[in-house]
Amino acid sequence: MIIYHLSTECYPVAKVGGLADVVGALPKYQNKIKDIDAKVVMPWYNKSFVHDHEFDIVFDGFIHQGSNMLQVQVLKEKTNALGFELFMVRIPGLLDRDNPYGYSDESFQFLAFQHGTLHWLSAMGIRPDILHCHDYHTGLVPFMIQHCPEFSFLKGVKTIGTIHNGEYQGMMSWEMANYMPAFDQYKWGLLDWNGVINPLASMIKCSNAFTTVSQGYLEELFVSFRGLESLVRDEFGKAYGIINGIDTEVWNPETDPMLDFNFNVKNAIAQKKKNKERLCKEYGLKPELPLFAFIGRFATEKGADFLPDVVWKSIKQSYGALNIMILGSGNAYIENKLKEYDYIYSNFALDLGYKEHLSHKIYASADFLLMPSRVEPCGLNQMYSMRYGTVPIVRYTGGLRDTVEDISTGGAGINFTFPGVDDIIHAMNRALLIYNKKGEMENLIRANMNFDFAWEKSAEKYIALYKN
Ligand code: ADP
Ligand code: GLC
């Protein structure tokens, strides 16, 4: 069975968040299953990976976007270094950028990626068994292969759409239809939602099946999906919740080259302490105090707007008996508030930016990881932290409620339900009680490290779905 995953991100080529981790790992684990050949197609970016690896040009052609003729090249990484065949679609001017997102003409960029990919497959006579589309950036593919004559060769190829984040739907005005490959006009309703082209809605309508990255999140979409609630209810017969795994080869505290001190479940207590001491020293924190960490985008979705108040209130209420460290970036107001507190409080450390190495060090060093997300389709941070012996404190939502069970019911994490500063601090106070009971804390560290979040099970579930 031949599967093409289409995605704008893939670790380690280009990563903005969890989408990259999933697309960098899932095909690798799928390829370990008999008779499965999973590949990845992504846009070409000006990233170190592409300069450090050798590629063959496997296709060179042209597509039309409105009245513009665009050159399309497809480059294949020569050695399959990632555990799967990697194809990068390069379109000068649109798909040759430094980063996946953040450009004002991104609708053109993503249309070009989808059009260019399907043009290449059709022109070269490549007919996969499955096209697996990830998020709205590739959400028009199921429509295009059914209703654009240019891709009639691909008509009938089965499509799966995975919703990693339903907060982003890629809506664009109907004017953009002029820049799409020509399609059967009377099918316009399959593109439309509330008077605009909505790629995520179109993916739900036109794919053979769609998935969310946890069962918990799927249930939430029925009541909260930025306007698509009724659509997901209508289409629930082809909806599946499949929880993400983690790449236990990349995220292995025993071999992770990004850590100062490697460890396993047997020596975790001593080695984590050394990691923590090193990190605290570097950031001026107090290693004898518990360390709470947050890693992520400063977005309301992640509850990052709570962080400034959590910082000052928790430090004040505990009389300075804890450390907090935050790594991330995003909303400017949150960044500025946190910078101010970084200056005021010696128990607080802030590192603004995206730093893969530092994130690994924090997962290995912290005692607790905070995830006060309002929305969390799956969440990978909690799984990384658990694997690295750091106790997750999570809001009971989406993938977080599927992966973190509270200690009160026999789990190894801490849950809270209401998204608010006081509830976060209450959860932190529960954490402090545990931290001060040494034996209990050590048991918790080991219990977290023993959880099995490997991709094997979920990779199998996707294959079963493809076969269906
Ligand atoms: P999302 O994709 O919604 O941001 P996930 O929990 O699925 O959330 O994945 C986030 C991924 O991005 C994790 O691998 C996390 O370690 C990483 N990450 C987030 N922010 C940063 C940062 N500032 N520096 C390094 N890694 C980060
Ligand atoms: C999205 C979601 C996150 C999920 C990730 C990978 O970025 O916000 O919860 O873990 O995709 O599926």
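I started with ligand 2 and found one of its oxygen atoms 3.4 Å from a polar backbone atom of Pro377. The model I am reading is a predicted one.

**Entry on ligand 2.** I next looked up the side chains that reach ligand 2. A polar side-chain atom of His164 is 2.7 Å from an oxygen atom of ligand 2. For Glu376 I noted 2.5 Å between a side-chain N or O atom and an oxygen atom of ligand 2. On its own, ligand 2 has 310 Å² of accessible area, and the protein covers 92% of it.

I then listed the surroundings. The residues around ligand 2 number 14, and I wrote down the closest as His164, Asn244, Glu376, Cys378 and Gly379. Sorted by class, this shell holds six nonpolar, five polar and three charged residues. Which element gives the most to the shell around ligand 2? I found that H1 does, with three residues. I also checked the domains: domain 1 and domain 2 each supply at least three residues of the shell around ligand 2.

**Entry on ligand 1.** I moved on to ligand 1 and began with its polar contacts. An N or O atom in the side chain of Lys15 is 2.8 Å from an oxygen atom of ligand 1. Leu380 uses its backbone instead, with an N or O atom 2.8 Å from an oxygen atom of ligand 1. Asn381 has a polar side-chain atom 3.0 Å from an oxygen atom of the ligand. Ligand 1 taken alone exposes 570 Å², of which the protein buries 92%.

How many residues surround ligand 1? I have 20 in my notes, the closest being Lys15, Gly18, Asp21, Arg297 and Tyr363. The shell divides into six nonpolar, eight polar and six charged residues. I looked up which elements supply at least two residues each, and these are helix H1 (18-30), strand E12 (291-298), strand E13 (323-330), helix H11 (356-365) and helix H12 (381-387).

Why does ligand 1 lie between the domains? Domain 1 and domain 2 both give residues to its shell, so ligand 1 lies between them.

**Entry on the domains.** I went back to the bounds. The domain assignment gives domain 1 as 2-247 + 456-467 and domain 2 as 268-449. I noted that their C-alpha centres lie 33 Å apart. On the contact between them, 21 residues of domain 1 touch 17 residues of domain 2. The area buried between the two domains is about 1,600 Å², and carbon and sulfur atoms give 56% of that. On the domain 1 side, the residues that lose the most area to domain 2 are Lys15, Glu220 and Ile246, which together make up 30% of what that side buries.

**Entry on the backbone.** I finished with two backbone details. Is the peptide bond from Tyr11 to Pro12 cis or trans? It is cis, with omega near 5°. I placed Pro12 in the loop between strand E1 (2-6) and H1. Asp35 is not a glycine, yet I found a positive phi of about 65° there. Asp35 sits in the loop between H1 and strand E2 (37-43).

Terms used:
Residues numbered from 1 in each chain as written. Chains lettered and ligands numbered in written order. Predicted model: local features only at pLDDT ≥ 70, side-chain atom pairs only at ≥ 80, totals over all residues. Heavy atoms only, no water. Near = heavy atom within 4 Å. Polar contact = N/O pair within 3.5 Å; in protein donor to acceptor, adjacent residues only side chain to side chain. Areas by Shrake-Rupley, 256 points an atom, 1.4 Å probe, with all protein chains shown as cover. Helix = DSSP H or I, 4+ residues; strand = E, 2+ residues; numbered from the N terminus. Nonpolar A, V, L, I, M, F, W, Y, C, P; charged D, E, K, R; others polar. Domains from an automatic or database assignment. Contact = heavy atoms within 4.5 Å. Buried area = accessible area lost by both parts, 1.4 Å probe.
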